[in-house]
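Biologist: I would like to go through this model with you. Let us take the side chains in turn.

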Amino acid sequence: MGECSIDEMIWGFKCVLDALHFLHTKCNFVHGFLNPFSVFVCSNGDWKLGLLDLACKIDVLEEEMMFKQ
């Protein structure tokens with residue numbers, strides 16, 4: 001990703017937050033691997049959330065070993 005303006009960054013973070021909100025409230029999932037490599041920028045400027053490899057249902061969160069300390 002090259003240089004982007006403040007407005008583009010704000011739009012991108014909004015896209016990611018909207019995706020997380022959908023994932024949590026509608027799908028009842030936790031992403032599990034949110035980092036710069038899990039965000040993809042489309043040619044139209046939208047940011048998409050990917051790398052859902054570690055996503056899991058919220059209700060089984062305590063059972064998942066990857067989330068335990």
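Biologist: At what relative accessibility does Phe-13 stand?

Modeller: Bear in mind that this is a predicted model. Phe-13 counts as partly exposed, and its relative accessibility is 48%.

Biologist: Which class does the pair of Phe-13 and Trp-47 rings belong to?

Modeller: The count comes to one aromatic pair. The ring centres of Phe-13 and Trp-47 are 5.6 Å apart. Planes over 60 degrees apart count as edge-to-face. Here the planes stand at 65 degrees, so the pair is edge-to-face.

Biologist: How many residues apart in sequence are the parts that this pair ties together?

Modeller: Phe-13 belongs to helix α1. Trp-47 belongs to strand β3. The pair therefore ties together parts whose separation in sequence is 34 residues.

Biologist: Is Trp-47 buried or exposed?

Modeller: The cut-off for buried is under 20% relative accessible area. Trp-47 has 11%, so this residue is buried.

Biologist: Which element gives the largest share of the largest nonpolar core?

Modeller: That core has five residues: Cys-15, Val-16, Leu-20, Trp-47 and Leu-49. The largest share is three residues, and it comes from α1.

Biologist: Which strand holds Phe-40, a member of the nonpolar surface patch?

Modeller: Phe-33, Phe-37, Phe-40, Leu-51 and Leu-54 make this patch of about 490 Å². Phe-40 is partly exposed, at 43% relative accessible area. Residues 39–41 form the strand that holds Phe-40, namely β2.

Definitions and conventions: Residues numbered from 1 in each chain as written. Predicted model: local features only at pLDDT ≥ 70, side-chain atom pairs only at ≥ 80, totals over all residues. Heavy atoms only, no water. Patch = residues over 30% accessible without salt bridge, like charges linked within 9 Å, V, L, I, M, F, W, Y side chains within 5 Å. Areas by Shrake-Rupley, 256 points an atom, 1.4 Å probe, with all protein chains shown as cover. Salt bridge = Lys/Arg side-chain N within 4 Å of Asp/Glu carboxyl O. Helix = DSSP H or I, 4+ residues; strand = E, 2+ residues; numbered from the N terminus. Buried < 20%, exposed > 50% of the residue type's maximum accessible area, 1.4 Å probe, protein only. Core = buried A, V, L, I, M, F, W, Y, C linked by side-chain atoms within 4.5 Å. Phe/Tyr/Trp six-rings, centres within 6.5 Å; stacked < 30°, edge-to-face > 60°.
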